Amino acid sequence: MASIINQWAVICIVLSGVALIIGVTFIRRGNRAMHMRFMLLASALATLFLILYLTRLGLGYEKKYVGPEQWRSAYYTLLITHIFMAALNVPLALGALYWAYRGIQAAGSLSRVDEVPVARAAFDTHRKWTRWTVPVWLYVAVTGWIIYLVLDRFGQLSLR
């Protein structure tokens, strides 16, 4: 059961990263509605990943690195930075979502954002948050995929 949960967790986080990139592409093209949809999808998939990941750990499914000794310090450096940035990403993503929500609440709809000063201010703050959130989220996603691939090749299952 835990290995199936692990597979779904990996699928969720890969799709979350893809949705994030698509969402960023939409906002750069000025399509706020599609940006919002893809960012909410990315957030939901990342949340589902976290639930599945914690469930998997709770079931005792964990892989330990047993690969080449000369790669050990690089692997653990990658793992530590991944964990730190993942923890940092949670409040960053929540802050970005909060300010987008405040902006939509103030404007009443995405089409009125530029007409309502309070909404514009909220979205300006949202943008400031995302300048940090998106790179951190992408780092976490990419390093997570690398860690998964490394452990798939050089990991040993350790069931508690």
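Select V116 to begin: its relative accessibility is 15%, so V116 counts as buried. The model on screen is a predicted one. V116 sits in the loop between α3 and α4. Show its surroundings and leave out residues up to four places away in sequence; V116 then touches A106 and A107. V116 and G103 are 13 residues apart in sequence, and their C-alpha atoms are 9.0 Å apart in space.

**The whole chain**

Zoom out and colour by secondary structure. The protein chain has 4 helices and 2 strands, and along the sequence these follow the pattern α-α-β-α-α-β. The C-alpha trace spans about 60 × 30 × 25 Å along its principal axes. Of the 160 residues in the protein chain, 32% are buried. Now consider contacts between residues at least 6 apart in sequence: 75% of these join residues at least 24 apart.

**Helices α3 and α4**

Select residues 69-107, which are helix α3, and residues 117-154, which are helix α4. How do the axes of these two helices cross? They come within 6 Å and cross at roughly 150 degrees. Angles over 145 degrees count as roughly antiparallel, and α3 and α4 are therefore roughly antiparallel to each other. The crossing of α3 past α4 is left-handed. Colour the residues of this contact by type: 31 are nonpolar, 11 are polar and 1 is charged.

Stay in helix α4 and pick T143. Is T143 buried or exposed? Its relative accessibility is 3%, so T143 counts as buried. Setting aside neighbours within four places in sequence, T143 is in contact with L78 and H82.

**Helix α1 against α4**

α1 and α4 pack at an angle of about 145 degrees, and their axes are 10 Å apart. This crossing is left-handed. To see the contact, show side chains on both helices. By type, the residues of the contact of α1 with α4 divide into 11 nonpolar and 3 polar, with no charged residue.

S3 has a relative accessible area of 37% and is partly exposed. Draw a distance from S3 to I27: the two are 24 residues apart in sequence, and 36 Å separates their C-alpha atoms.

**Aromatic rings**

Finally, show the aromatic side chains. The count comes to 7 aromatic pairs. One of them is formed by F49 and Y53, a stacked pair with 5.7 Å from centre to centre and 25 degrees between the planes. Where do F49 and Y53 lie? Both are in helix α2 (residues 32-58), 4 residues apart, about one turn of the helix. F49 is partly exposed, with a relative accessible area of 22%. Y53 is also partly exposed, and its relative accessible area is 30%.

Go on to W71 and F154. Their ring centres are 5.3 Å apart and their planes stand at 90 degrees, so this pair is edge-to-face. The pair links distant parts of the chain, with W71 in helix α3 and F154 in helix α4, 83 residues apart. W71 has 44% relative accessibility and counts as partly exposed, whereas F154, at 18%, counts as buried. The cut-off for buried is under 20% relative accessible area.

For the last stop, select Y65, Y75 and Y76 together. These three residues form one aromatic cluster.

Notes. Residues are numbered from 1 along each chain as its sequence is written. This is a predicted model: local features need pLDDT of at least 70, side-chain atom pairs count only at pLDDT 80 or more; totals for chains, interfaces and linings use all residues. Side-chain values use heavy atoms; hydrogens and water are left out. Axes are lines fitted to C-alpha atoms, for helices over the stretch in contact, and angles run from 0 to 180 degrees between N-to-C directions. Angles under 35 degrees count as roughly parallel, over 145 as roughly antiparallel, 65 to 115 as roughly perpendicular and the rest as oblique. A crossing is left-handed if the near helix is turned anticlockwise from the far one by less than a right angle, and right-handed if clockwise. Ala, Val, Leu, Ile, Met, Phe, Trp, Tyr, Cys and Pro count as nonpolar, Asp, Glu, Lys and Arg as charged, and the others, Gly among them, as polar. Buried means under 20% relative accessible area, exposed over 50%, partly exposed in between (1.4 Å probe, protein chains only). Rings of Phe, Tyr and Trp (its six-membered ring) pair if their centres lie within 6.5 Å; planes under 30 degrees apart count as stacked, over 60 as edge-to-face and the rest as tilted. Contact means heavy atoms within 4.5 Å.
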